[in-house]
Amino acid sequence: DEMRALEDRVREVEEELRESRAELEKAGGVAAELRAQLAEAVAGLTEDCNEDDASGKAAKGGWETTEELRGKLRDLFDEMDLNKDGTVDEEERAAASGLLNELHMEFGLRTDVVFEGALTYEAFEARHVREWEVTRKEQALAGVNVLRAVAEQLPGGSPETPLSQLEGMSQEELLRFCRRSVTAGVEALLRQHQEILRE
């Protein structure tokens, strides 16, 4: 009987571990999504960067494309445009994914970036420039620790399920949480960092 009870307890602990692992994976996914959304929101301060003008500078204060990046993007686009129709579709991008990943790594871009649909060169360049901008800001924000500011505002949870409160929020509650708590926490942190930058 002791052996059977011990075996039952082992099975219970294994099941608890599987459940905890699944919740941690889910929490990690939510955290990664929040990180990406925060970086996009901060980068959104320079909205409409996807509409490049002829000089290579995006509309409304976006980042200028370096000649080196523009040249490599053009060469890669021309190489990927297998049917020479002036657009690169998902199939052509998939065929050149290794080359695309090499370019992304060379310029410090994330390799998991997904661009959907057929793209003209202008759209291809604009999306890469935008991703370059967002990635560089995301990297700079890593030192500012914006995620900590969000974590400090998030109520509830437990060691096993730290984001359970987030999971249980309605859309309205989540919106209210983001607009009030997250905004205030991130704003305070960015103000502190702004002072450091100004010194």
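User: Is R130 buried or exposed?
Analyst: R130 is buried, because its relative accessible area is 11%; buried means under 20%, exposed over 50%, and partly exposed in between, with a 1.4 Å probe and protein chains only. This is a predicted model, where local features need pLDDT of at least 70, side-chain atom pairs count only at pLDDT 80 or more, and totals for chains, interfaces and linings use all residues. Residues are numbered from 1 along each chain as its sequence is written, and side-chain values use heavy atoms, leaving out hydrogens and water.

User: OK, which side chain meets R130 in a salt bridge?
Analyst: E133, at 3.6 Å, N to O. A salt bridge here is a side-chain nitrogen of Lys or Arg within 4 Å of a carboxyl oxygen of Asp or Glu. Both residues lie in helix α5, three residues apart, about one turn of the helix. Helices (H or I, at least four residues) and strands (E, at least two) are DSSP runs, numbered from the N terminus. E133 counts as buried too, at 0% relative accessibility.

User: How many salt bridges does the structure hold?
Analyst: There are 13. One of them pairs E125 with R70 at 3.4 Å, N to O. E125 is in helix α5 and R70 in helix α2, so the pair ties together parts 55 residues apart in sequence. Both E125 and R70 are buried.

User: Switching topic: what's the phi of K84?
Analyst: Near 55 degrees, a positive value in a residue other than glycine. Most residues other than glycine have a negative phi. K84 sits in the loop between α2 (67-80) and β1 (87-88), and K84 is exposed, with a relative accessible area of 58%.
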